[in-house]
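Visitor: I have a model open and would like to go through it piece by piece. Can you put it up?

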Number of protein chains: 2
Amino acid sequence: MPELRKDPITARWVIMATERGKRPSDFVPETEEEESDEAIKHCPFCEGNEAMTPPEITAIRAPGTQKDTPGWKVRVTANKFPALRIEGDLGRRGIGMYDLMNGVGAHEVVIESPDHKKRLGHLPVSQIADIFKVCRSRVEDLMKDRRFDYMLIFKNQGKSAGASLNHAHTQIIATPIVPKRVIEEIDGAISHYQAKRRCIFCDIIDQEQMLATHRIIYSNDEIIAISPFAARFPFEVWILPKKHLADFTMASDHNLQGFAEALKVVLLKLTKALNKPDYNHIIHTIPNRLNFNGSNPYIEEGYHWHMEIIPRLTKLAGFEWGSGFYINPTLPEVAADYLRDTDITGEE
Amino acid sequence: MPELRKDPITARWVIMATERGKRPSDFVPETEEEESDEAIKHCPFCEGNEAMTPPEITAIRAPGTQKDTPGWKVRVTANKFPALRIEGDLGRRGIGMYDLMNGVGAHEVVIESPDHKKRLGHLPVSQIADIFKVCRSRVEDLMKDRRFDYMLIFKNQGKSAGASLNHAHTQIIATPIVPKRVIEEIDGAISHYQAKRRCIFCDIIDQEQMLATHRIIYSNDEIIAISPFAARFPFEVWILPKKHLADFTMASDHNLQGFAEALKVVLLKLTKALNKPDYNHIIHTIPNRLNFNGSNPYIEEGYHWHMEIIPRLTKLAGFEWGSGFYINPTLPEVAADYLRDTDITGEE
């Protein structure tokens with residue numbers, strides 16, 4: 001009998017197709033054409049091609065090297081084709097019954113490595129930590145621009161995940177609105193806090209650690225990585241900091257070190273078990289603290305930053321985008337089993 | 001300057017990339033392999049292969065022909081690989097903090113034509129109307145099963161839209177819960193009704209017809225087909241009945257005749273302008289009337305059934321599924337212009 005499971009935070013239901021459960025080998029990744037050396041030469045994110053991007057906003061680079069030249073390890077620039085524009089005011093207005101405003105915002109690219117062929121999971125832990133420290137400092141900086149209510153940190157890896165360039169990069173979009181799914185998740189967490197005076201994510205971590213450990217993929221002192229109970233997608237993974245903290249920008253270097261360790265393990269396991277799948281990750285965090293200071297009671301207590309990773313193994317059908325009601329062909333417990341058992345020794 | 005537009009019903013924001021606006025020729029459809037005659041021979045939805053499906057639930061067929069044999073025009077069977085099971089009780093239960101229940105529901109397939117090669121838009125208007133009359137009667141029948149709170153009617157056309165078979169078919173899934181996006185849309189409509197004592201969809205129709213007609217693609221006595229103001233996807237189309245009616249199952253034969261005419265025109269225009277794109281459609285209607293009778297005040301007055309059509313031209317990026325905040329590379333006004341100007345004479 002299939003199961004219907006409810007995500008405790010957002011109250012979203014998922015159909016778990018338990019019977020014809022899909023194993024990793026049932027998912028055939030879209031075969032991507034090998035890039036030619038010629039194409040790689042023209043990659044704007046490669047070392048030596050710094051002139052092909054907008055000017056560097058920040059970088060981690062070797063002492064003595066110049067902005068917009070080689071010598072960097074992680075490099076941030078504006079997106080050359082930004083979805084939103086940094087200049088101008090919001091221009092909130094109406095057309096009859098409709099509301100609109102100017103597409104003001106920031107759209108930045110965090111280039112994760114000078115090496116075209118390294119995926120995020122293959123970088124050293126220290127470099128992965130550096131990437132997220134850079135993200136943290138960019139978000140802290142963007143927060144000061146009070147036009148921006150939210151900063152989304154996310155990654156599209158591979159064509160079917162929406163990436164237009166293969167070279168590993170994360171994106172940051174600062175928007176003058178708080179996106180709908182973010183509001184929904186925060187509202188769910190705050191309701192739980194109001195009822196129980198406890199953070200719902202902390203409750204999930206407790207239950208996963210103490211009552212049933214079969215959805216845990218990996219854990220260290222800082223982090224627990226799980227297949228969530230009501231996963232929407234096969235092999236969906238949540239990476240949850242064990243320490244309660246609402247705001248990603250408040251994570252310490254130490255927190256991010258443990259986070260990077262966990263993320264590397266999870267990505268290597270996904271890469272091996274699922275044959276280099278395309279994927280998305282997104283960091284879930286609270287809106288711009290400076291704008292909402294005090295106006296969101298319980299958000300610091302009730303919300304809990306984390307990362308969600310979705311391997312792109314299935315196509316979203318009309319049913320799913322139209323209803324918000326997902327069908328997951330792989331039980332999260334089965335996915336966690338596979339990932340736990342995937343040996344990544346030597347998979348650097 | 002890009003624009004941020006807000007959907008008035010769900011309060012969902014969309015980034016409209018006005019500058020690098022994409023034209024129909026910028027979207028390259030995924031090339032689908034031509035099916036071999038051998039493969040078509042084994043299609044379970046083709047005439048003559050009736051034994052390959054579960055037993056017929058209902059059909060429109062020539063007088064004197066037998067159930068589960070040739071002679072039908074539209075045929076309904078259970079899905080051979082159902083996401084939900086028809087037998088059993090709901091078994092609502094908890095595991096610690098998590099809620100779950102049995103995957104009870106119905107999953108039916110409406111085969112739209114005996115002809116393997118005809119897409120929905122290429123069928124005669126009378127047959128399109130018949131397909132939706134059959135959907136209406138199936139939903140009316142499923143409603144009587146009080147375990148089911150919602151009936152989703154939707155279509156996946158083509159692989160990138162999630163279809164596993166090419167032969168034209170619509171699906172109906174009856175679920176024991178009301179899906180989240182449905183609740184969200186209904187709640188938005190009811191709020192508007194409470195504030196204004198008017199249906200928000202009727203307000204949209206009025207504004208589109210009277211203040212600004214440039215998003216109208218097609219209209220007849222019964223229907224208006226528009227590119228919605230805050231379309232999430234390029235060439236998204238909404239097909240709205242002009243007459244206020246909350247419940248799809250209450251649509252008259254006459255309503256559905258006008259609806260079929262409009263749907264045919266829109267599908268032929270999309271097919272021609274976008275080179276046979278894969279697409280999804282979904283009918284938005286109210287939950288099972290028999291279960292919610294009286295408990296949803298204003299739903300009959302405030303909600304308005306309609307169809308949404310999404311050509312699958314772009315990949316949903318991590319940004320979009322994670323935030324509910326979409327980037328649309330084609331202004332709806334531009335899309336409507338193209339579709340209005342697409343000549344479908346002789347495109348039967």
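Guide: V14(A) stands opposite Y326(A), a residue of β15(A). Before going on: this is a predicted model, in which local features need pLDDT of at least 70 and side-chain atom pairs count only at pLDDT 80 or more, while totals for chains, interfaces and linings use all residues. Residues are numbered from 1 along each chain as its sequence is written, and chains are lettered from A and ligands numbered from 1 in the order in which they are written.

Visitor: Which strand pairs with β15(A), and over how many bridges?

Guide: Strand β2 (residues 13–16) of chain A runs parallel to β15(A), joined to it by 3 bridges. Strands here are DSSP runs of E with at least two residues, helices are runs of H or I with at least four, and both are numbered from the N terminus. Two strands pair if DSSP finds at least two bridges between them.

Visitor: What is the strand order of the sheet they sit in?

Guide: The order is β15(A)-β2(A)-β1(A)-β6(B)-β5(B), an open sheet of 5 strands with mixed pairing. β15 (326–328) of chain A and β5 (93–95) of chain B are at the edges with a single partner strand each, so one side of each has no neighbour in the sheet. From one strand to the next, the twist averages 30 degrees.

Visitor: And where the chains meet, how do β1 of chain A and β6(B) run, parallel or antiparallel?

Guide: Antiparallel: 4 bridges join strand β1 (residues 3–6) of chain A to β6(B). In that strand of chain B, D99(B) is opposite K6(A).

Visitor: How many residues are in contact across the two chains?

Guide: 58 residues of chain B are in contact with 58 residues of chain A. Contact means that the C-beta atoms, placed from the backbone, lie within 7 Å. On the chain B side, strand β6 (residues 98–102) supplies the largest share, 5 residues. By class, that side has 30 nonpolar, 15 polar and 13 charged residues. Ala, Val, Leu, Ile, Met, Phe, Trp, Tyr, Cys and Pro count as nonpolar, Asp, Glu, Lys and Arg as charged, and the others, Gly among them, as polar.

Visitor: What rotation superposes chain B on chain A?

Guide: A rotation of 180 degrees, with 0.0 Å of shift along its axis and an RMSD of 0.0 Å. That is the relation of a two-fold axis. The superposition is by least squares on the C-alpha atoms of residues with pLDDT of at least 70 in both copies. The copies meet through the same surface, because 100% of the interface residues of chain B are also interface residues in chain A.

Visitor: Changing topic: at what angle do α2 and α5 of chain A pack?

Guide: At about 120 degrees, for helix α2 (residues 125–143) and helix α5 (residues 253–273) of chain A, with the axes 8 Å apart. Axes are lines fitted to C-alpha atoms, for helices over the stretch in contact, and angles run from 0 to 180 degrees between N-to-C directions. α2(A) and α5(A) are therefore oblique to each other; under 35 degrees counts as roughly parallel, over 145 as roughly antiparallel, 65 to 115 as roughly perpendicular and the rest as oblique.

Visitor: Which residues of α2(A) meet α5(A)?

Guide: V125(A), I128(A), A129(A), F132(A) and K133(A), which meet residues of α5(A) including L256(A), F259(A) and L263(A).
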